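Me: I'd like to go through the helix packing, the sheets and the salt bridges of a model with you. Could you tell me what stands behind each term as we go?

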Amino acid sequence: MQEATDVGRSSQEGYAVFQWIADRVTRRYRLFVALWILVFAGAIVANQIWPLSDVVSFDQSAILPEDTESAQAQSIIGAQFPVQIANSTATIVIVANNTTTEYYRWFVVDLHDAIVLASTLVDGESADLQLRTGRTIAVSRPIRFLRNASEATIYSVYEAYAFELAKQFNGPVHESVAFTEGAVGITWGIPAYYVGVWVNTRDNGSAYAATSSYVGAAFPPEVQGWTSSWLDAFYAGWQASFSNPGVASAWPDARGEAVVAQTLPLYLAGSAFPPEQQGFLLGMLAVFRFSNFTDGALVEDYALTAFSQVPVAREAFFRDLYLAVGEDAPVEDLRTFAQVESRSYGIDDTPLLLPFDASVFYVSEDRTIQLMNYGFDKGDGFRDEQGRQPIAENVLVIRDLVRRIKDAYAVRAEVYVTGSASSSVDQEETFGNGLEFVATIVLAIVLIGLYFRSVVSPAFPILTIGIAIMISNLFVWLVAVYLFSVDFTVTAVLQTVLLATGTDYSIFLISRFRDERQDGRDRKEAVRNAVVWAGESIATSGGAVLIAFAALSLGSFPLVKTMGVTIGFAVTIAIGLALTFIPGVLLLIGNRVFWPSGTKVARPRPKGVLSPSERYFRGAAGFSMRHAKAILAAAVLISIPATYLVLTDQPTYDFSEGAPVTESTAGLDAISGAFGYGFIYPSFVIVQLPGDLITAGNVSVPRMFAFANLSSGLLEDAGVKSVDGPANPQGSDIDFVNMSTMPVAQREALLAAISPYVGQDGRTVRLTMVLSDPPFSREAITAIDRLAVKLGEIRAAEPELRTSAVYLGGVSAVLNDVRDNTNRDLQIMATVVITGLFIVLLFVLGSVLIPVRAILTILLSVSWTMGLTIVLFDLWKDVDIFFILPLALFVMAMGLGMDYDIFIITRVREEVAKGKSDRDAITEAMTRTGGIISACGIVMAGAFATLMISPQPFLQQIGFALAFVILLDSMVVRIYLVPAIMVLAGKYNWWAPGSLQRVRRDEPRDAAEALDDP
């Protein structure tokens, strides 16, 4: 018994746009084909002019949100500390038993000199560098955009400090020696001369007269007052010594020395010498005698003791300075001295006393690792006018210099070149080979060829996808240049999605064309019907994909936004090609699309004759409808544990987790193990004060106390390993209270230590925190929540901070915001996608229940897939699920998985419109579309599965999850679960309010009777 069915005007009008497209394409198909080919040719040329590789980023900071507190902190750091923060970096990591020996000191120095020398070269220029091993190496490749390397190594820091001290103390050192030479000559030389004359004459008057003449001739006029007064004082003491029983019988030299010792304190007490000079002169009594006062080395040594209390360097530095350069030495001589001085001592015996221990940032506590840090003025992906990537080339030059100098020294240590620039180079080399794309194309060609038993048919989707990719690449280029940073994962996913959807749409069109030909229609009518009926499915499913990816563009992260915008555009191009280009080519070549089996595949066949695959899917439909309740119950039971696993899983935020080891990652691991996980990726507290921290060469003591309390308060949290800021630069507490009374050299050294923590505006202050846990870990991210609360408490307790703006920044703070934003984005996107899809399907399909059922069954597929992905990657790769996977899987499955449901439902509705019952329509639709859907599912799943070739675990997870969800959806859910639900729903499948309902029928038979039909 057949149900009475009425397909109203609304249904016919729903096809009008596709009838219009079909009419235009069938009449002007040559024009459409020619236009697309011209666009394709133009896009190929444009891709050569504006290559996508020029703008794709391998810096995974593209995942970060743009408008969060952590992003604001990073923006402030970039604006206020531009001199200190390079656009890109290269860090050389030396790992050995003891990297502070002289052997490694010379290795570091030579390597540093080679890098600096390379930075002075231009293309085509070469220079030789003499190594301390005796060998010479040629430096012929330039390093461009190298920043000031004065802090690249610990020895560079020492050199810069030694140069500043040399400028400040070279004059005073020579003045001190000259003064000491004069003072010794006066204090001991005049008495010695007097005693010498007295020994010969034994007459005090004659000795005095002779000595007076000597003084007038031997000493310059400016000290004549000193020499004369001292001679008189000594003479009086000498005369008095004859009546002193203690010295009257002493030898003349001993008596003279005793007289000097007795007379000098009294003489100085009545002189105009300042107290510090009096003490210095009195100190000579313990050092000099008549027998040694002419010893020049002893005089120099004593002169330099005047600097023993200067807290900037040990006495050895001042001695080296005096011996190495003259009093009026030019600046270049001072620079040379500073370089030699800094390299002449080891890290543990340097005479330089920096106001903080700078070595802790270059040498690990156990001395097994030493770092060399270089920054560049351009970003990792910068390209010059010739299209070259100088920063990437810099990394290769540095690695080459490391290799050659390491060979020259026969170094057995491990030496890595890491840092942001090196990581970018390694990631591009590891992840940018495009193997996934090639594998996807090959797979698509093989599967389509097998499905149609043809070597021609695969060319259709491949050519279509090629056109779409060329056009989409130009759009991606525009997005990267003018809108967002485009991460390499975006292009990988875009190409795969385009291959998958483009292949599906091509198969839909070609399969319908084949069916129409098998039903006996001519070429033109077959193409027209394919566009009318399959076109609606393609456009509707394409609309679902566009809604899904449009929702991605609402995300907080550039990575997600870019995926949404670029993939949405690419799918739109694929839909346009499927509705115009493929039908045009089919009209041009006809059955030759199925060559070499064209006549067999496309020839008319007797009604009721089914292929083996059609018999399978007809049987699957019947099985599903007979056991509908059992199938639905099984689906619900499987969903319960899968959903629980998804809801309780803890994702990872570290995109490097499970990634292959490269030189840069090995270097980062070595640094993290020795210096702490947060050493490379520290966290920051940014404070914007209402006024300046440093004024007129001095600091605001109340504000410095506030920062000292802020540092100590943050250290109370167990998740914080260290904090340094202006009150404790480099982790060393300083005496900021008494800075105004300190010697100039010491005060300037402290100001130099504080200044890196103060921004250009003088009121922005940065504190650096190293967290106890790895910065990408869940523990570190959770610690940010506690620190935010702690920061609020400290701020409320500190009057100097209450009126200040305070921000938390750094990688862990960013990922904390990422976590919160991801959860919020998923809710927003789920609402937008589900609502959008429901509304579109409601109007297109004229049903309320079918859109709800379609969405729920895809959600079911998503939960099953997520559960399996969690288990598989935990057991197989020991890698947690990346935080962005649930969001990406939901959106992509909603968009792409809807293809198959729409393709089935539109065919069911088509059969219902022809007067069939629901059961017969479902059976016929599954018979005709089951094979196509399975083939498309296999092709699309295969396309996504090729992402698993990538060494990037995130792409592996995306590839597996999307491949599995597509296979599950196309070969299980659509084939078995959908027919079961539809037959249970009965007449409610097609209900919609008012004129929205496109299928109207009389009351169906009793549901139980229908289910009992064979």
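Reply: Gladly; let's start with a helix pair. Phe460, Pro461, Thr464, Ile465, Ala468, Ile469, Ser472 and Val476 in H17 meet Leu494, Leu498, Leu499, Gly502, Thr503, Ser506 and Ile510 in H18. This is a predicted model, so local features need pLDDT of at least 70 and side-chain atom pairs count only at pLDDT 80 or more, while totals for chains, interfaces and linings use all residues. Residues are numbered from 1 along each chain as its sequence is written, and side-chain values use heavy atoms, with hydrogens and water left out.

Me: How do you know how many residues of the contact of H17 with H18 are nonpolar, polar or charged?

Reply: Ala, Val, Leu, Ile, Met, Phe, Trp, Tyr, Cys and Pro count as nonpolar, Asp, Glu, Lys and Arg as charged, and the others, Gly among them, as polar. By that rule the contact of H17 with H18 has 10 nonpolar, five polar and no charged residues.

Me: What angle do H17 and H18 make, and how far apart are their axes?

Reply: The angle is about 140 degrees and the axes of H17 and H18 are 9 Å apart. Axes are lines fitted to C-alpha atoms, for helices over the stretch in contact, and angles run from 0 to 180 degrees between N-to-C directions.

Me: Is the crossing of H17 and H18 left-handed or right-handed?

Reply: H17 passes H18 in a right-handed crossing. A crossing is left-handed if the near helix is turned anticlockwise from the far one by less than a right angle, and right-handed if clockwise.

Me: Why are H18 and H20 called roughly parallel?

Reply: Angles under 35 degrees count as roughly parallel, over 145 as roughly antiparallel, 65 to 115 as roughly perpendicular and the rest as oblique. Helix H18 (residues 488-518) and H20 pack at about 25 degrees, with axes 9 Å apart, and they are therefore roughly parallel to each other. Their crossing is right-handed, and the contact of H18 with H20 holds 20 nonpolar, five polar and no charged residues.

Me: At what angle do H17 and H20 pack?

Reply: Helix H17 (residues 459-482) and helix H20 (residues 558-589) pack at about 150 degrees, with their axes 8 Å apart. The residues of this contact of H17 with H20 include 18 nonpolar, four polar and no charged. H17 passes H20 in a right-handed crossing.

Me: Why do E6 and E7 count as edge strands?

Reply: Three strands form an open, antiparallel sheet in the order E6-E3-E7. Strand E6 (369-376) and strand E7 (414-418) each have a single partner strand, so one side of each is left without a neighbour in the sheet. Neighbouring strands here are turned by 15 degrees against each other on average, direction ignored.

Me: How do you know that E3 and E6 pair?

Reply: Two strands pair if DSSP finds at least two bridges between them. Strand E3 (residues 88-95) and E6 pair in the antiparallel sense over eight bridges, and isoleucine 94 stands opposite glutamine 370 in E6. Helix H24 (residues 663-675) lies across E3, E6 and E7, at about 105 degrees to E7.

Me: What makes aspartate 426 and arginine 399 a salt bridge?

Reply: A salt bridge is a side-chain nitrogen of Lys or Arg within 4 Å of a carboxyl oxygen of Asp or Glu. The closest N and O atoms of aspartate 426 and arginine 399 are 3.0 Å apart, and the pair forms a salt bridge. Aspartate 426 is in helix H15 (residues 420-431) and arginine 399 in helix H14, 27 residues apart.

How values were computed
Helix = DSSP H or I, 4+ residues; strand = E, 2+ residues; numbered from the N terminus. Contact = heavy atoms within 4.5 Å.
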